[in-house]
Amino acid sequence: MNQPVEEQLTAARAEREERFEFTGKGGEFFRIWIVNLFLTIITIGIYSAWAKVRTANYFYGNTHLDGNSFRYLAKPLTILKGRLIAIAVLVAYSLASQYYPVVGALLSLALLAVLPWLITRSLRFNAINSAYRNVRFNFTGGVGGAAMAFLVWPLLGVLSLGLLLPLVMKKQNEYMVNHFSYGTQRFSLDASTGSFYKFFLVGIGIGILVGVAGALAAPISQYIPMLVGAVAYLFVFAYLRVQLFNLVYGGTSIAEHSLKADMTTGSFMALTVTNILLIAFTLGLAYPVARIRAARYKAEHLSAVIAGDLDNFAAAESEKVSALGEELGDMLDLEIGL
Amino acid sequence: MIELAGTWFDGNTSRQVPATLRVHRSGEFELAAADHSRRGRFTEFELSAPLGDTARQLALPDGAVFETRDHAGLAKIRDWGHHRHSLELVHLIERHWGAVLGLTVLTAVIVYLGMVYGVPSAARSIAYALPASMLDSADEQTLAVLDRAYFEPSELPQARREALRAEFESRTPALAIPVRIEFRKGGEVGANAFALPGGTVVFTDEMVELAQDDRELLAVYGHELGHLEYRHSLRRAIQGSIVTIAAVLLLGDATATTDVVGAVPLALTDLAWSRDFEREADSFALDFMSAEGIDPGYFASLMQRLECRDRARTSEGFNQSEFDACIGQSDWTSGESGLGDFLSTHPATRERIQRFQEAADSAR
């Protein structure tokens, strides 16, 4: 290859770091939230599907990267259909397990068996209905991989008395990220097993140290161990969340572009505590403000290292996915996703 | 003519191109991007919903999208009558602080009334609409689970069990559900009686032994029949389902934090409903006792003994003198209501004893 062309290419592929930016406002989202609640209640829940789309779109549309915002493209009617079926399943399940314990136990097993399918459907529904620059994301993970990541590996984690837990987390995140794509281009996660073990051990170590310190302070006042315990719990919770976020997002790349994440435990703890206090002291009215603050915090600690521009991603063939997996996951309170 | 500045996406790649969209009053449009131009009718576009200050997307059937933030320009085109999004009105309300504050108050009132009246009465209607036979075989499974986990076979003499059963059955009023009486050795459950939703009423041996008069057991039996007649178990389960579904629909995207904050009021409401059901069952017991000519005081005396037995049970075992002192106390009506009352499935024992004692006094 001759010299000038190569130079040109290098210039075009010059790396630059772009921060995610969140422009949602507490007051604005509060008004959207209240109208959502009101319309959902007076339509006996039917509007909830439209409310979900509006909420998601508010957060997507206000999240910007490199001058473009994200979009949530799910159709409310698709969500409504999924919701109705999910409600029927939930009611049958909860009544059965209350009155016919044997039938209930069998139903739990059945739900566990379809869990991998549910997870893939939910991930695919959310991916395919997310877009950036008019190109949709996609999730192509299979049921077998989900069964390994969400049933077999957690079981091994339990059997190993927790020793394998960091590895389980790595397997799950690898499954989710590596099957996630933007258009036809796959994402990939690069994080070593050692780094998962490291943050896990540090987190637990700090928890134990603080716990011991609290116990030693017990003779001074019986309230100190309680207080220290609460702080330690919050700290370990925040530490693990932050480290996992940084590790997974920071290790994610697509084509020649990559992500960088730099949350800190202290700032995340401050956000969580102030959000809980805000919600509690306003009897829930500040819930939308808390969500805006959380989204802004997340965006502020995430950036993309872009090589050149983001013009060259090709859209994949579009396909339709039902919302049942996603809605059933919501009803059963599964926390799936990145 | 209106000119909108924006970005053009071709629908095949992530490439973005600055573009201008000119829309004429007639409804014709011309799109001019750096390397692309198009014309057509504005109605060919599918518009994204207006939402806050977010960009609007105008999508063409082939997947290409023109994106703009020119909200004022789009409003003018709307006023020409070339497009109207179905959520336009919702968007209008969302921008109006006064309307939103009004809706906030209205929503709070509706939620409050719904929890106090709406959900309980909906659950009652649903429970009574379900066939009484639905739970016929449910009790067998539940009792089998309880037998494995807690109970031993009853050690009461068989003659005593049969006599009690005959006594109960002869006094059972006509209910929608056939009633079956069972005895079990309670073990760690202790003195207790409860009704399973399919019509099985279970007494523990300890309960039978604690009673000093069979009329006390009849009083408890009346209370359990109340639970069956009013289908309390089913209603509580239905109420729980309604609230769970409502919570998911209203806060479907809740995070772990809001789950915790939201769980507290829901748990307190469930307990308040449980206390209402206990009061209803007590009312049924009062009616049952007056129909059977049993002094309501028998319910109060058994409740007192249950309460005193609990108080006299210490870590070192049963304290007989404390039990005697407790039974001897004459005034059950005094005492403050405390925070604990709101955390209990049953109304305060003091409140229940007082109710039955007053009924006994007025009957005399």
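Which handedness, left-handed or right-handed, does the crossing of α10(B) and α11(B) have? The crossing of these two helices is right-handed, where a crossing counts as left-handed if the near helix is turned anticlockwise from the far one by less than a right angle, and as right-handed if clockwise. This is a predicted model, in which local features need pLDDT of at least 70 and side-chain atom pairs count only at pLDDT 80 or more, while totals for chains, interfaces and linings use all residues. Residues are numbered from 1 along each chain as its sequence is written, chains are lettered from A and ligands numbered from 1 in the order in which they are written, and side-chain values use heavy atoms, with hydrogens and water left out.

**Helix packing in chain B**

- Two packed helices are described by the angle between their axes and the distance between the axes.
- Helix α10 (residues 297-312) and helix α11 (residues 320-328) of chain B have axes that come within 9 Å and cross at roughly 145°; the axes are lines fitted to C-alpha atoms, for helices over the stretch in contact, and the angles run from 0 to 180 degrees between N-to-C directions.
- On the α10(B) side the contact is made by B:Q304, B:R305, B:C308, B:R309, B:R311 and B:A312, and on the α11(B) side by B:E322, B:F323, B:C326 and B:I327, contact meaning heavy atoms within 4.5 Å.
- Helices (H or I, at least four residues) and strands (E, at least two) are DSSP runs, numbered from the N terminus.

**Salt bridges**

- Over all chains the count comes to 31 salt bridges, each being a side-chain nitrogen of Lys or Arg within 4 Å of a carboxyl oxygen of Asp or Glu.
- B:K185 and B:E155 meet through their side chains in a salt bridge (4.0 Å, N to O).
- This pair links distant parts of the chain, 30 residues apart, with B:K185 in strand β9 (residues 180-185) of chain B and B:E155 in the loop between β8 (152-153) and α5 (158-171) of chain B.
- B:K185 counts as partly exposed because its relative accessibility is 27%, whereas B:E155 is exposed because its relative accessible area is 59%; buried means under 20% relative accessible area, exposed over 50%, and partly exposed in between (1.4 Å probe, protein chains only).
- The side chains of B:D270 and B:R236 form a salt bridge (2.9 Å, N to O), and this pair too links distant parts of the chain, since B:D270 lies in helix α9 (residues 256-291) of chain B and B:R236 in helix α8 (residues 232-250) of chain B, 34 residues apart.
- B:D270 is partly exposed, with a relative accessible area of 25%, and B:R236 is partly exposed, with a value of 28%.
- B:D147, B:R180, B:E182 and B:R184 are joined into one network by salt bridges that share partners.

**Nonpolar surface of chain B**

- B:V105, B:V109, B:Y112, B:L113, B:V116 and B:Y117 make a nonpolar surface patch of about 600 Å².
- Patches are made of residues with over 30% relative accessible area and no salt bridge, like charges being joined within 9 Å and nonpolar side chains (Val, Leu, Ile, Met, Phe, Trp, Tyr) within 5 Å; accessible areas come from the Shrake-Rupley method with a 1.4 Å probe, and for residues only the protein chains shown count as cover.

**Individual residues**

- A:V242, in helix α9 (residues 223-250) of chain A, counts as buried at 0% relative accessibility and, leaving aside neighbours within four places in sequence, is in contact with A:M263, A:T264, A:T265 and A:F268.
- A:N134 has a phi near 60°, a positive value in a residue other than glycine; A:N134 lies in the loop between β5 (130-132) and β6 (135-139) of chain A and counts as buried at 16% relative accessibility.
- A:L283, although not a glycine, has a positive phi of about 55°; A:L283 is placed in the loop between α10 (265-281) and α11 (287-300) of chain A and counts as exposed at 81% relative accessibility.
- B:E30, in strand β3 (residues 28-33) of chain B, counts as partly exposed at 21% relative accessibility, and the C-alpha atoms of B:E30 and B:E307, 277 residues apart along the chain, are separated by 84 Å.
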